[in-house]
Structures are given as C-alpha cells and as structure tokens.
Amino acid sequence: MVVDNRSQVRKVLLITLVLNLFVMLLKAVVGWSTGSLSLLADALHSVTDSVNNVLGLVASRFSSPEPDRDHPYGHQKFEAVGALGIAAFLGIACFEILQGTAERLLQGSQPVTISASELWLLLAVLGINIFVTFYERAVGQRVNSPILIADAQHTMSDVWVTISVLAGLVGIWAWNLQWLDLVLSFPVAVLVFSSGWSVLRSNLPWLVDEMAIAPEAIHAIAAQVPGVINCHSIASRGVLGRQVFIEMHLIVDAADVETAHQITEALEARLEERYGPARINIHVEPPAYMSNQISYENDLS
C-alpha cells in the first residue's frame, strides 16, 4: 500500500521556505554592503533555495500516489519532475556565478570591506542552513520524498558554499586578501553544478522507467513459491521504497483457475514483502508453455 505523505512534505517545505527567504535576505544585504562577489553569488544560490521550495510545494500538490482515471499509475512522477526543476535552477545559478566572476576579472571592482558583526551574521546564516539540511533530509528519508531529499542535497551545497565564502571573507577581514573573493567564486560554481548533477542523476531513472529490480532477483523469489514452474518476460520500473511496478509471465502447475490464482497471490505477497509498496501484474500460463527468457535481453541458457 502506498502512503500519501504529501501533507508532511508541504509542512517541511513551508518551514524551510521561510528560513531560506531569511537567509537569502541576510546574504544579499551583507553582500551589497561589503561588495563581495562570492557572497552575492551565494545569495543567488539561496534564491534558488526559495524557488526550489515553491517548486516543491507545487510538485507535491500534484504528486498523489493514488491512481485515478487520467493517471492510472498515480501521480508520483510530478515529484521527480519537481526535482529536475531544482537541477535546472542549480544550472542557472552556476552560469550566473561564472558570468559574474568573469566580468569582475575583466572589468575590475572596488575592494571588499567587511566588519566583525557582518561575519557573525554570516555564521548565523550558516547555522540556519545546517539546520534546514538535516531537517529536510531526515523527514525526506522517513517519508520517502525525493523532492525533500533533493532539496536537502541542494541546501547542503549551500552549506559548503557559505563555509567557503565565509573563509574568504575572514581572510579579507584579517589580512586584506582581496583576491580570495574572486578565487572562491569558482569553487562555489563547482559545488552548485555538482549538486545539480546529483539531483538529475537520482531522478532520471524514475522518469525514463529504468529497471527498478533485477529480473534475476524476481525470478529467484518466484522459483521458491510452490506451484511455480518458471517465469519470464519480467519487467519492473519505479523507485524502491516509494513504489515499484512489476509485471511478468508466470508458468504454474495448476489444473484450475482457483489454484493458479492462489499461486499468484502467494508470489505477490512475497514480492510485496520484499519490494513493497508494489503494484504487480502477473500473466498466468499453463504448464505446457515453455520459455527460458527471464527478461527482454537475458536468457537462462
């Protein structure tokens, strides 16, 4: 059975949206007052945090796991689409950071000036980002929400970005190392790009219906069920822990429909216990039918 945890997801996204807006405002104010390019880039990164929260709220609104007439397989791919939107925003942020750094290198700029009080504000920002990361990740893993896990991944990149920027600003404050501001803009862009790639890589399998479970593993479970002679044309898709769809052709030793039904029910129970939540579709075939093809490319022989 698929559990609808969208209310918990929306609650977390609303809380983190408020915190991210506060963080973004602090970074922007300190960035403009100090003239720090790396901090302004970090503020831009935080803008994407807030946009991601809004995107996540929209995606969660439409990502019900329950099927309906128009979406007989449920709506959970909306969450994966939302996660891909996060990856797109991260790509935009990376481009903006690199563009701003190149312009500063070519055109020059006023020196960065920062005070101890502004550094303390940035430490507070770092603490908020760390809280948001662990809070989102913990809830996301508990309710199996890819949108929360993806957003936590993004916020973790923000933590490392803020640490890098803060280290550079400390160097400017203590030793007037102005070049640190420009140098640290590049790792900020790399971290942003890395986060976007990670989110993209983790959500594409769901959208392109990549194999969720090795057919050999499903075949091994089926072979342990009494009455099963063999199974073939095994396919699966979805995401383990969220919902998977399994289909197969099953050759059973049964003389009547009722016995065949009992065998398939026993197999479905084992698959649900091992891989659930799952929706399983089994096509029953008589004992005389023979096929050694486990899946669409693998053969027993």
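# Notebook: looking around a predicted model

**Entry 1: salt bridges.** I began with charged pairs and counted 3 salt bridges in the structure. A reminder to myself before going on: this is a predicted model. Side chains of opposite charge can pair when their charged atoms come close. The pair I looked up joins aspartate 42 to lysine 27, and their closest N and O atoms are 3.1 Å apart.

**Entry 2: H5 against H7.** Next I turned to helix pairs. Two packed helices are described by the angle between their axes and the distance between the axes. For helix H5 (residues 146-175) and helix H7 (residues 185-207), I found axes that come within 9 Å and cross at roughly 165°. Angles over 145 degrees count as roughly antiparallel, so that is how H5 runs relative to H7. Their crossing is right-handed. I then listed who touches whom: H5 brings Pro146, Ala150, Gln153, Ser157, Trp160, Val161, Ser164 and Val165, while H7 brings Val188, Leu191, Ser195, Ser198, Val199 and Asn203. Sorting the residues of this contact of H5 with H7 gave me 8 nonpolar, 6 polar and no charged.

**Entry 3: H3 against H7.** H7 has another partner to look up, helix H3 (residues 77-107): the axes of H3 and H7 come within 8 Å and cross at roughly 160°. These two helices are therefore roughly antiparallel to each other. I noted a left-handed crossing for H3 and H7. The residues in the contact of H3 with H7 split into 20 nonpolar, 5 polar and 1 charged.

**Entry 4: H8 against H9.** How do H8 and H9 lie relative to each other? The axes of helix H8 (residues 215-223) and H9 cross at roughly 135° and come within 10 Å, and the two helices are therefore oblique to each other. I wrote the crossing of H8 and H9 down as right-handed. On the H8 side I found Ala217, Ile218, Ile221 and Ala222, meeting Leu267, Arg270, Leu271, Arg274 and Tyr275 of H9. The contact of H8 with H9 holds 7 nonpolar residues, no polar ones and 2 charged ones.

**Entry 5: the sheet.** Then I moved on to the strands. Strands of a sheet pair through backbone hydrogen bonds, either parallel or antiparallel. Here I traced an open sheet of 3 strands in the order E1-E2-E3, with mixed pairing. Which strands sit at the edges? They are strand E1 (228-239) and strand E3 (278-285), each of which pairs on one side only. From one strand to the next, I noted an average twist of 15°. E1 pairs with strand E2 (residues 243-252) in the antiparallel sense, over 9 bridges. As an example to find on screen, I picked cysteine 231, whose bridge partner in E2 is leucine 250.

**Entry 6: two backbone details.** Last, I checked the loops. The peptide bond from glycine 276 to proline 277 is cis, with omega near 0°. I located proline 277 in the loop between H9 and E3. Asparagine 176 has a positive phi of about 55°, although it is not a glycine. I found asparagine 176 in the loop between H5 and helix H6 (179-183).

Definitions and conventions:
Residues numbered from 1 in each chain as written. Predicted model: local features only at pLDDT ≥ 70, side-chain atom pairs only at ≥ 80, totals over all residues. Heavy atoms only, no water. Pairing = 2+ DSSP bridges. Helix = DSSP H or I, 4+ residues; strand = E, 2+ residues; numbered from the N terminus. Axes fitted to C-alpha atoms, helices over the stretch in contact; angles between N-to-C directions. Parallel < 35°, antiparallel > 145°, perpendicular 65-115°, else oblique. Left-handed = near helix turned anticlockwise from the far one by under 90°. Contact = heavy atoms within 4.5 Å. Nonpolar A, V, L, I, M, F, W, Y, C, P; charged D, E, K, R; others polar. Salt bridge = Lys/Arg side-chain N within 4 Å of Asp/Glu carboxyl O.
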